[in-house]
Amino acid sequence: MEIMYTIVALAIIIFSILTVTTRKILRSATYLLFTLFAAAIIYFMMDYEFLGGVQIAVYAGGIVVLFVFSILLTTSPGSNSEKLTNRRVWWGILAAVCTAGVTGWALLSRCAEIFATKPAMADYTMQDLGEDMLSTGHGGYLLPFEAISVLLLACIIGAVAVARKR
Amino acid sequence: MEPIIPILILCLPLLGFLVLGLLGPKMSHKAAGWYGVLSIGTVMVLAYITAITYFFSGAPEFILDGTRLQYVVFNQDWLNFYKDLTIRIGFLLDPISALMLVVITTISFCVHLYSLGYMEGEKGFQRYYAFLQLFSFSMLGLVVATNIFQMYIFWELVGASSYLLIGFYYQRPSAVSASKKAFIVTRFADLGFLIGILILSYYTGTFNFTDLTGSVLANGSSVNNLITPGVVASLKFGGASFMGCSLLTWALVLIFMGGMGKSAMLPLHIWLPDAMEGPTPVSALIHAATMVVAGVYLVARLFPLYLMEEAALLFITVVGAITAFYAAVVACTQVDIKRVLAFSTISQIAFMMVSLGVARPEIHEGLGYMASMFHLFTHAMFKALLFLGAGALIHAVHSNDYTAMGGLRKYMPITHITFLIGCLAIAGIPPFSGFFSKDEILSACYENNFIWGAWMSMVAGLTAFYMFRLYYLIFWWDEPDYGHHKPHDAPWPMSLPLIFLALVSCVAGFIPFGEFVTWNGEPYHIHINWVGVAIPSIVIAVLAIALATFMYRKKNPLPDKVAKATGALWTAAHHRFYWDEIYMFITHKIIFNLICKPIAWFDRHIIDGTMDGLAWCAQRLSITIRPLQSGNVQSYVYVYLFGALLLGGVTAAVVLL
Amino acid sequence: MEIKLLYYLVPSLIMFCCGLYGFLTRKNMIAMLISLELMLNAVDINFTVINRYIFPDSKEGMIFTLFAIAIAAAETALAIAIIINLYRVTKKVETDEASQLKG
Amino acid sequence: MFSNPLIYFVVIPVIMLLGIYLSRNMAQIRTVAVAGSLALLGLSAWLLVDYLGLRAAGADAPMLYRGDWTWFSAMNIKLSVGVDGISIAMLLLSSIILLTGSFASWKINPLPKEFFLWLILLSIGVFGFFISIDLFTMFMFYEVALIPMYLLIGIWGTGRKEYSAMKLTLMLMGGSAFLMLSLIGIYYNAGLHSWNLLEIAQADSIDHTWQMFLFPMAFVGFGVLGAMFPFHTWSPDGHACAPTAVSMLHAGVLMKLGGYGCFRVAIYLMPYAANELAWIFLILTGISVVYGAFSACVQTDLKYINAYSSVSHCGLVLFAILMLNTTAMTGAIMQMLSHGLMTALFFALIGMIYGRTHTRDIRQMGGLMKIMPYLAVCYMIAGFASLGLPGLSGFVAEMTIFVGSFENTHTLNRVFTIIACCSIVITAVYILRVVGKLLLGPVYDKHHEELTDATWWERTSTVTLIICVAAIGCFPNFFANLIRTTFSPEIFKVLGM
């Protein structure tokens, strides 16, 4: 387990940094894919197998493919994005470091639970998930489920409307 | 007395106005004219019946122990303000209102009849008669007013009908501006009237004439049952004063200011000469006989109140005396015959004013009051006669100026004779009516103070002079070239009123006027002071006429020489002592250019500019901060992050400290 | 060595900061969108992990992540549709160029 | 709910909206507009008669025909309706002007349907304002009346219409911002958990210090609409650019909302502050009266003249209200009626003249009396009403105001009363100036000689207004008594009257 964790953590850190630093946008998308896979593995480690599955299917399978398509549609292959100015980079680093600093400080000083270990968890099957999704009682998520459905519908219509040739 | 006749007196002319005004355009000239004449004729008969009933019936409601009373025929609430302060529309009968009823309806009837001829074929004939009816209605309502506010209402209405009639020839710019001038000047005077009414009514709590004057009447006689000591006390306004004069004085002077406007006293006289732009019969009716004496009537109506304040009476006397002299001097130099008559009217009304101003109960039982009313009566008759005569002349020669006339006695005998009678009457030659009334006025003046008497005698002399100057210049002098269209006497509807009024002017002086009209209702027996007053004034008048005869009977260079010799004075008088120019300067240069225009500019540029400026500031501000909303997501994130980190930092600082 | 909660949070924090850096510095809209996905995923990881470690008996964090993924998918699809549309008009995908939408 | 007659003042316009929405041509639109306004006129006439009957029978509640329907219980906001003599007078005025306004827009172009829709919506606001006695709904209706104005001027106006519409709306909105603050302040400080005017007035529980703060805001808020100096500048521009019917409704009715509101909210609810602070506003309104009149003297655009004259006349309304006595307030309400009618008449006539000559500059016209005698005579009557000729409405209103104002013995009030009296002269000056230049004299432009006189719908519109003006002028006591049935003693409790 520890080994698994180390690999995943390193993958996340390394590929995240690569994603935002590479100058080739297609590579950026590829590194993102790896990061997403790593995240999926974390979900599996957390015993949320379905979530991990969804992560792989939707993100890795769907979104990244979309990215790739759009990149291919909008940029000529092999071209670099323009070089970033130093000022821009330094401001970005400053902002990221500050955020990391403040959040990290808050995390370390304000939370007692960060050193908690993983407790045991009852089995959570697909059936449970399905029932939770469609129930209206406590711990039921019918309303958000429906809302998301409507949202998705709207997005579909929106996407069609935007992309349609005039 | 049954109220039906008084109601008809008021309603018939109003009805006439409405009928002629609304249906007039559909009527023929003849129908409209005769409808007007018949309507006013009926009113005249009714007014005579009323006056005769009042004066001669001897009924106890009209006369008690030989004293004539005020009698309210009806009094309908019209608008209630608070407590008892109510405007009522009513009908008050007393000696002066009965007198005025007779005067107004008589003159009005004459003018209606006369206009049949004079206005024949004019465009807007029906409109003319409608306005005449409106005027008659308003004037009748004014004189029978039971309260001061009713008087004010009809006061405004006569002003409006005068405006309409002066501007009858509305396509003539001079008529339009003259009518405007007349309305605005009298309106300005009415402002004083209104404020006076406000002061008076607030402190006395009433508008009613019977309440306002009744209690004072009681001082002289014990017949009036309206004595309320509270009224007497409130009349003095508890000794309150403003700028050294008691409030009552102020109220009375302000009310008199209204009278000054309507009666064309100096310095509010400027509208009357210009008002001659209207048709001549209108000048005869409104601007000679009836409306212009409304000021005199107003003072007479409130006379008991004026008696309480010497100062107010003195003011009236002074204004009247100055005006009388001024107008007489100006009348000597005018070319337009209607303007001569207009100034003569101003001068004669000033006579009445002076007469009221010098009247005191202790001097011959208020002789001045009686004299004033007497003169009002006689003057209305002979001045209307003169104006109508002038109308006939203008009708004949189509010009207002005497330069276009001369030697007309041969062509227009009726006009000549009647005009001469009018001149003799106004000059004060016995036995014509003017002599008697003027004589009473002069006696009243002499009794009050010798200065007033002497001054007014002089003015009377001037009167005789300018009237005969006019007479000679029209009927004698030199005959201009009339061309093949010789002037001739007017048709019978025009001549009839002339003859009638001339007859009245001959005999009216013998009416024992004091028996009917006195300030307190008790009869006064007129006796002429031959030695002290009458003979000297006749002598003065005759001398003045002789002078006029000498100068103007035949064409000669003397008048021009006199004019040259007097130089500046003559020019100034010819230009009416530049009053119009002064007014022009005040209204145009000062009020229009220095008040109205700057205010309008101030409004557009300062006030509105401030509002626009606020809008401009808001716009500038939004333009300034608009780049913040750049549409660049990354800059938003920076700002957001800055805020979030700041919050985190603050939290950290709070925790750490 | 037991894996503590913190050990999951630190990588996700780094991931989030990377996303932030990328979002702030990149001009290409697709690259920005990719950075956005990074941040979103960091948050998702936090939700899931904290849910699992501290409240193992309830499922809010997990479900929330599930929804977030759904929304992210929708959002991305729409964003990409807009970007492509924009590209058709301007032939550019840089944010500086896309200011014509402003009034 | 529908058993209360007052609610129909809102229901009928709503039905009219529907009818106009469904109608397909000009004739149908006209039919609906005229029928609806006639129904409203009938309703208000019936209300007048019935109200007087009830009062004569001894009904002594401050407001009759009361009705309450809760809207929003947490804040206790209700649709409360009720009328007294003043409201009835205002309702009557509004319905007359709506009717004549419909006639005046007989040939409105373009978009007649939309025009009437907005116009009727505006009238919903007006009627709603006059019937409601709940501060919140009152304010809501007030806003409903304001917004359509923007579109009506902006779309159907003439000249610099966008600028004027914007200016008018922004200034009035600025006023209503003050107003809303003050209404909320009243609600919280009265401490009754009620928006009802009557309850708040009866309890008189607003703290005096707060009154001193809230009264000016309420008075200025409504005063902006009442064209109080120095917040009047929307009026000349707005009126000059607005289409005829809108000018009529705006000057005739909407400006009256200002005076009505000042009376009903500012003074009725906060008498203490009214007494203490009246002098400030007395000076401002006194200035309005004279200032508007002087400004009108030099204008050359007919509508500007009339707009400034409205500033002067409406200033007189507020001036009289501030005198805080029954006579002056009666006069103020009569002045509202009178000014509403005659200014509507003016604007109608100006619209008709403009429609023919295509100019409103008095220097470009002259001698219209010869060309279009009917319109010219009507204009003259309107002018006479405006300058206060007895027998027409202006006179009685002004005289009541002056007599009432003079009742107030403070030196300042006296001085300003006399200054205000001066306006009768200045009014005469500018009215006669216009009459002289526009109607009388020789014909200025030869092309004008071909123009025609009024059509039948124009005649209907003007004759109706003239009859009303003359009715008030000839039988003022009827209206004065109607208004006086209103003044319940408790208003003046605090003023010591």
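Helices H9(B) and H12(B) are roughly antiparallel to each other, a term applied to angles over 145 degrees, whereas angles under 35 count as roughly parallel, 65 to 115 as roughly perpendicular and the rest as oblique. In this predicted model, local features need pLDDT of at least 70 and side-chain atom pairs count only at pLDDT 80 or more, while totals for chains, interfaces and linings use all residues. Residues are numbered from 1 along each chain as its sequence is written, and chains are lettered from A and ligands numbered from 1 in the order in which they are written.

The axes of H9 (residues 247-262) and H12 (residues 294-301) of chain B come within 7 Å and cross at roughly 155°, where axes are lines fitted to C-alpha atoms, for helices over the stretch in contact, and angles run from 0 to 180 degrees between N-to-C directions. Helices (H or I, at least four residues) and strands (E, at least two) are DSSP runs, numbered from the N terminus. Ile255(B) and Phe256(B) of H9(B) are among the residues that make the contact, as are Leu298(B) and Val299(B) of H12(B); residues are in contact if their C-beta atoms, placed from the backbone, lie within 7 Å.

Between chains A and C, 69 residues of chain A are in contact with 59 residues of chain C. On the side of chain A that touches chain C, H3(A) gives the most, with 13 residues.

In chain D, six bridges join strand E1 (residues 64-72) to E2(D), and the two run antiparallel; strands pair if DSSP finds at least two bridges between them. Thr70(D) stands opposite Lys78(D) in E2(D).

Technical notes
Two residues are in contact if their C-beta atoms, placed from the backbone, lie within 7 Å.
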